[in-house]
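Subject: Handover of a structure

Dear colleague,

Please find the structure below, together with its sequence. My notes on what was found in it follow.

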Amino acid sequence: SLSKLQLKTGDLDPRLFSRLRHLQKLDLSDNLLDKFPNSLTLPDLRVLNCNNNKLEDVTALKQFPLLEELTYENNVYLTLNDDYKVMFLLQNLRLLNGKDITKLANHVRRVNSRKLTSKVTAHWEKFFRDQLPEKYTAEQVKSIKKKFLKSVQTNVVYGPSSLSEFTRWRVKMIAEEFLAYSLGLELNTDPEPEENMDESEEESTESPREAVEDVARVGDFSSYINNVTVTPSKRKRNQSKPGSGNKRSKSQADTEEEAEDVSAEPLHFLQCHSKGNSREDFKTQLWSCVFEPLLDCGARKDPVVSSSRTVATCGGESVCLIDCETGTVLKKYKVATEEFFSVAWTTLTMVISNSRKKSHNILVAAGRRGIVKLIHVAADFCYGEIKAHKKPIATVCFSPTQETHLFTASYDKRIALWDIGIPDCDYNFKASQLLVLEALSIPLRIALVPACPEQYLLAGCEGGCFAWNIKLDKEQKSRPFEAIFQFPDEDGGMTTAHRVDGLAFLNDDVVVSKSSKPGCIYLWSWSRSFDAKGKGCQRTVSAVILAELEWSTTDLSYLTLSTCPAKEYVFCGDEKGSVWMYNLSNYTTAWSSAKGKRSEKRIPPTQILKWPEIRANGEQLTEVLINNVVSDPTFTYLVVLTSVNITAIWKKS
């Protein structure tokens, strides 16, 4: 073991290592290696660990032909393409980053190679064979070789674009072998095996990650939870059998002209937040989930396009990253003494070595301990924490305009604004507190006003709905609320005193809030309710109600709502495991007009997704509360978090 010794590549002396003829296991984790020297020899090496280094290339690993187990997680420059290169180069490799890759590696070595070889050969036959005269000089051969290698790497494409670097690398190798074989040119690569996989299989095995723990799956509505370990590569999406699970539940309240079958179907039911990975855990409450922003378009662009299929979820002692399509738990982060309540994403432009700038997604997670954890997801690394509050943090959210600005709302009745800083290449960062907003009661949900996200923050609290001025050019660091909103109460009057446990914006102006008055979700106008020119602090303002949504009659609290602004949807779960979905696209135009009148009738749900019958260890799961429901920005997937440690993923069909 040579772990944690600050070793650089130059410290691995080939003269020393080449004498270790019988070394079988080598641990070089947690060092500063950027590559492997080519002549370490180590003819008998079977197990190699180089986690947490700065490796940029894996091709030198071919010098260890007997290698069976290899791990190189947390080397941020290595990609899926490198995984495929080592699978090809190391014929005996069985485990890569803890995952059995035997089947995939055989595909890479055989199917892939065979397909590429036939494409390379065809390219030669079609474009280059006739360019070579019968009697050719060495100079002519050199020239045609150069042209052919350039052309073939540009024009031979195969498989998904995420593997294009690997494909180019293999095409060059195959082309050189082909020329050596047909023209007797000198060759300096390994002999090449044969075969590839079809595209569908490539997708399901992209990341050789840990197997999913305790996965529950439902294909048919009535099904069992399989308390089994499932490897991502084996997962096939369960299709509902015709006639069993395809009957859609419609709300009785649907009128004929409004009836619209949104028809979402259940894809996966996952039990991945279990305490101590226990299969018997159907008690852990799941609270928060957020879809990861797509890196290539940045997190700040139009939500219609910045959608991905990976979602971060939290509950109990863990945070999970899930691929919604395959149901694969890609990553899992645990803190044994924590109970996580909230997660949020931001995209930071970080400077890595060589002064190269690159965008990376950072996930923050917070909960009962009042500590914010900062996680660089691609590197599987929690690089720091901010001791934000002495009491639990109920919820967190990032500013949509300032990517380092994070709001944390705590049981200490305060909302703090932090600048989390940008980590350098050694993950040093400096966090600072910019602002403290004083609430009169515990803040449960927070939302920045989309029309002016650097000026106003809205919060649903145990004791009402409040707004603060958060503009940073003001002097005072600690601020009281600017306005408290009053809503209709059960006796026909107006009240400010009620628990607001759901809060989100449907568009730039329409706020959706849920109060603990049974069955009550209001839609109201921010601009018509709040006069920014109004004088004085702590004033009481009447919410200008646009409509009320019909919802469950329960008086249970903390079943929160969410919105999908791009599709004008509102989602809210209930105490019976159902998800209420409201398509409000027919109403928003009328609301936005100057004379926008209140919709007199309560708006019924467009559809209610019923909780399917699920059995755990033979027992039917009952009393399922839906704590949270979140769709991706394009409303392709719906992630449903429950009180029984199950994450349900639905897909819009």
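Two strands are taken to pair if DSSP finds at least two bridges between them. The model is a predicted one, and the notes below should be read with that in mind.

Strands S12 and S13

By that criterion, strand S12 (residues 318-323) and strand S13 (residues 328-334) are joined by 6 bridges and run antiparallel. Within this pair, Val-319 stands opposite Tyr-333 in S13. The two strands form a hairpin with 4 residues between them, where Gly-327 takes a positive phi near 75°.

The protein as a whole

The protein has 8 helices and 41 strands. Of its 653 residues, 55% are buried. Among contacts with a separation of 6 or more, 57% are between residues 24 or more positions apart.

The helices

The helix H4 (residues 138-155) has 18 residues, which at 1.5 Å a residue should span 26 Å; the end C-alpha atoms are 25 Å apart, in agreement with that value. Buried residues in H4 are Val-141, Ile-144, Phe-148, Leu-149, Ser-151 and Val-152. In an α-helix there are 3.6 residues a turn, so residues three or four places apart point the same way. What covers the buried residues of H4 includes H3 and H5.

Trp-124 belongs to helix H3 (residues 102-128) and Phe-178 to helix H5 (residues 164-183), so the pair ties together parts that are 54 residues apart in sequence. Trp-124 is buried, at 5% relative accessible area, and Phe-178 also counts as buried, at 16%.

A charged group meets a ring elsewhere: the charged end of Arg-170 sits over the ring of Phe-88, 3.8 Å from its centre.

How many of the residues of strand S24 (residues 464-469) are buried? The count is 6 of the 6, so the strand is largely enclosed by the rest of the structure. Gly-464, Phe-466 and Trp-468 point one way from S24, while Cys-465, Ala-467 and Asn-469 point the other way, and all are buried.

S24 pairs with strand S23 (residues 456-461) in the antiparallel sense, through 6 bridges. These two strands form a hairpin with 2 residues between them, and Ala-459 has Phe-466 in S24 as its bridge partner. S24 also pairs with strand S26 (residues 483-488), again antiparallel, over 3 bridges. There, Cys-465 stands opposite Phe-485 in S26.

Phe-485 also takes part in a cluster in which ring pairs link Tyr-456, Phe-485, Phe-487, Tyr-522, Trp-524, Trp-526 and Phe-530.

Val-544 and its surroundings

The C-alpha atoms of Val-544 and Trp-526 are separated by 7.9 Å, although the residues are 18 apart along the chain. Leaving aside neighbours within four places in sequence, Val-544 is in contact with Leu-523, Trp-524, Ser-525, Arg-528 and Ser-529.

Two backbone angles to note

Most residues other than glycine have a negative phi. Lys-413 has a positive phi, near 65°, and lies in the loop between strand S19 (405-410) and strand S20 (414-419). Lys-413 counts as partly exposed, at 39% relative accessibility. Tyr-558 likewise has a positive phi, near 70°. The place of Tyr-558 is in the loop between strand S32 (544-550) and strand S33 (561-564), and its relative accessible area of 31% makes it partly exposed.

An annotated region

With kind regards

Note on methods:
Residues numbered from 1 in each chain as written. Predicted model: local features only at pLDDT ≥ 70, side-chain atom pairs only at ≥ 80, totals over all residues. Heavy atoms only, no water. Buried < 20%, exposed > 50% of the residue type's maximum accessible area, 1.4 Å probe, protein only. Phe/Tyr/Trp six-rings, centres within 6.5 Å; stacked < 30°, edge-to-face > 60°. Lys NZ or Arg CZ within 6 Å of the ring centre and 35° of its normal. Expected span 1.5 Å × (residues − 1). Contact = heavy atoms within 4.5 Å.
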